[in-house]
Amino acid sequence: MQTFDILPAVGVGPIRFGMTRADVRKLIGPHELNAASAVAHVEKMAPFDPDAPEPGYTYVFPTLQLSLWRSVIPDASQDADDPTGRTFEAVGVGPDGYFTTTSWVATV
């Protein structure tokens, strides 16, 4: 598995914001990691917070200051060839303390 440095407002590894999908695939190939495998891989380094908002859509790893998000959870009746919801669409990275278990507790 490849490891990439995340550079806020710049890109990830050799990928730069604004590149076309074709340019990205030339650099890193057409690899794709399904959501379950991505969570399992990151969980080897740190657990996700099961109390984070949007369970199944968002996985927050507070000790890594990292989140994974998808807009759709695959449906059990969904065709096996339908990729909808099977991968994450966004990775969030925050400074120390950004992703804490108290950051999503409602205050009254």
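Modeller: Contact means heavy atoms within 4.5 Å. Among contacts in the protein between residues at least 6 apart in sequence, 36% join residues at least 24 apart. The model is predicted, so local features need pLDDT of at least 70 and side-chain atom pairs pLDDT 80 or more, while totals for chains, interfaces and linings use all residues. Residues are numbered from 1 along each chain as its sequence is written, and side-chain values use heavy atoms, leaving out hydrogens and water.

Colleague: How many helices and strands are there, and in what pattern do they follow the sequence?

Modeller: There are 2 helices and 6 strands, in the order β-β-β-α-α-β-β-β. The C-alpha atoms fill a box of roughly 50 × 40 × 25 Å along the principal axes.

Colleague: What makes a residue count as buried, and what share of the protein does?

Modeller: Buried means under 20% relative accessible area, exposed over 50%, and partly exposed in between, with a 1.4 Å probe and protein chains only. Of the 108 residues, 26% count as buried. The protein exposes about 7700 Å², and carbon and sulfur atoms supply 58% of that.

Colleague: Which residues make up the largest nonpolar core, and what makes it a core?

Modeller: The largest core has 9 residues: A35, A38, V39, V42, Y59, F61, L66, L68 and F88. It is called a core because its members are buried residues of the set Ala, Val, Leu, Ile, Met, Phe, Trp, Tyr and Cys, joined through side-chain atoms within 4.5 Å. At least two core residues come from each of α2 (35-43), β4 (58-61) and β5 (66-69), and α2 gives the most, with 4. In soluble globular proteins, nonpolar side chains tend to be buried together. Beyond its neighbours within four places in sequence, V39 is in contact with F48, Y59, F61, L68 and F88.

Colleague: Why is Q65 called buried?

Modeller: Q65 has a relative accessible area of 9%, and the limit is under 20%, so the label holds. Q65 is in the loop between β4 and β5. Not counting residues up to four places away in sequence, Q65 touches G92, V93, G94, P95, D96, G97, Y98 and F99.

Colleague: Which backbone atoms does the side chain of Q65 reach?

Modeller: A polar atom of that side chain lies 2.5 Å from the backbone oxygen of P62, and the side chain reaches the backbone nitrogen of Y98 at 3.1 Å. A polar contact is a pair of N or O atoms within 3.5 Å; within protein, one must be able to donate a hydrogen and the other to accept it, and residues adjacent in sequence count only if both atoms are side-chain atoms.

Colleague: Where is L64, and why is it called partly exposed?

Modeller: L64 is also found in the loop between β4 and β5. Leaving aside neighbours within four places in sequence, L64 is in contact with V42, M45 and A46.

Colleague: Why is V91 called exposed, and where is it?

Modeller: V91 has a relative accessible area of 52%; exposed means over 50%, so V91 qualifies. V91 is in strand β6 (residues 90-93).

Technical notes
Areas by Shrake-Rupley, 256 points an atom, 1.4 Å probe, with all protein chains shown as cover.
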